[in-house]
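Have the model open as you read.

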Amino acid sequence: MKNDMPEHAQDHAPHSHPSLSRRGFLRGSAILGASLALPTIVPRRLFGASAPSERIAVGCIGVGRMGTDDMREALGIAGVQVVAVCDVDSRRVENAKTLVEARYQQQGCAAYADFRELLARDDIDAVQIATPDHWHAIPTIEAARAGKDIFLQKPLSLTLEEGRVVSDTVQRCGRIFQIGSQQRSDTRFRKACELVRNGRVGKLHTIKVGFGIDPGCEPQPVMPVPEWLDYDMWLGPAPWAPYTEKRVHPEKISDRPGWLRISDYSAGMITGWGSHHNDIAQWGMGTEHTGPVEIEGRAEFPADGLWDVHGRFHIEYTYANGVKVICADNEENQQGVVFEGSDGWVYVRRGFIDANPRSLLEETIGPEETKLYVSNHHKANFYECVRSRAETIAPVEVAHRSCAVCLLGDIAMRLGRKLRWDPATERFTNDDEANRMMARTQRSPWLL
């Protein structure tokens, strides 16, 4: 994502579901449709040095607020061509199709209401997925199985179980993957993490993570489902619930949708902003492939109304290296990430970095020291890796571990007691109720 404010906004293969049983038919029909839909001539100037035959053909699944921004980015990258768009909202599909065709100055962008039809096309190399959080895991898994490389908006998943299955499936299928944790492609965040990783603040002991919270809202009236929305498909694996606009999304694409504040579809700000800042905390610590060993949290939750995710919150994570991460709302912690060590601190947020002593910011990381992955454009890094088959700056296992920190915090906030976690087995060692909260019942036929 470009700017989330104020939202900030082993192979456990899933059981068969309709995307598999329909695939033979969809693949045959989609290939014919694709051959008719693709432009017969693609102007070379649109692709820079890359010939049309060397292009990366992309399908965009979810073209609402964040998905449209992601699509626009792809439209500006040389050698990349958006050939298909998909959304359960027919207005958004038409808007995306119009934007794509205006960019290429000709018709030919295919439009779909069902992501399975898009994935059935053999001519699509990669997909960008920007659906509601409860719709992240299944399309990603199916895209990997269909041989597509994947850019997925954060967070990786709605549950810990989903995250593990997504990571295992993407890796088993050998797909290039990038999560939308674009702070890793920002020089300030990389600088802060390199200073910490190389001991410039002395012995790291505390990391403070801060971000905003969401309001609740009053109960909402039941409304008729709009004719432009496939509401049953929008609900997908989530429990059935009556339609009301603030459950789904408003008519204006740029307005923030209500589903971000409903626990059936999102964990709220803990994953909305937490996926960004907790990811940076782990990057700076070098704990990207593990996680905390203890979690304790508390939060305020709305007493009634439609929007039910956490409000004010405080979570403490303890890692095996002794570092404590204190993650709290902006009433307690300032926006961003503060790394505190025995000899100083480094503070970083979007557009800003500071340190004590300030001379730390002038220091150069030497050739024998730890240097972190350099990416100066997040989406471009993804497509460079699609071509080279190198790992992206935000690969799937890192995405899972960063999201897991947030989901562990959500469980701890809801239970209100100290939890012990084994990052190797990914199980709570002292709480059966917490282990049951690692997964959710899914509405048939969308079974994981």
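Rings of Phe, Tyr and Trp (its six-membered ring) pair if their centres lie within 6.5 Å; planes under 30 degrees apart count as stacked, over 60 as edge-to-face and the rest as tilted. With that in hand, Tyr-231, Trp-234, Tyr-243 and Tyr-265 make up one aromatic cluster. This is a predicted model, where local features need pLDDT of at least 70, side-chain atom pairs count only at pLDDT 80 or more, and totals for chains, interfaces and linings use all residues. Residues are numbered from 1 along each chain as its sequence is written, and side-chain values use heavy atoms, leaving out hydrogens and water.

**Aromatic pairs**
- Searching the whole structure turns up eleven aromatic pairs.
- Trp-135 and Trp-446 are an edge-to-face pair, 4.9 Å centre to centre with 75° between the planes.
- That pair links distant parts of the chain, 311 residues apart.
- Trp-135 counts as buried at 6% relative accessibility (buried means under 20% relative accessible area, exposed over 50%, partly exposed in between, with a 1.4 Å probe and protein chains only).
- Trp-446 is buried too, at 5%.

**Helix packing**
- Helix 8 (residues 187-197) and helix 11 (residues 274-285) have axes that come within 7 Å and cross at roughly 40° (axes are lines fitted to C-alpha atoms, for helices over the stretch in contact, and angles run from 0 to 180 degrees between N-to-C directions; helices are DSSP runs of H or I, at least four residues, numbered from the N terminus).

Note on methods: Helix = DSSP H or I, 4+ residues; strand = E, 2+ residues; numbered from the N terminus.
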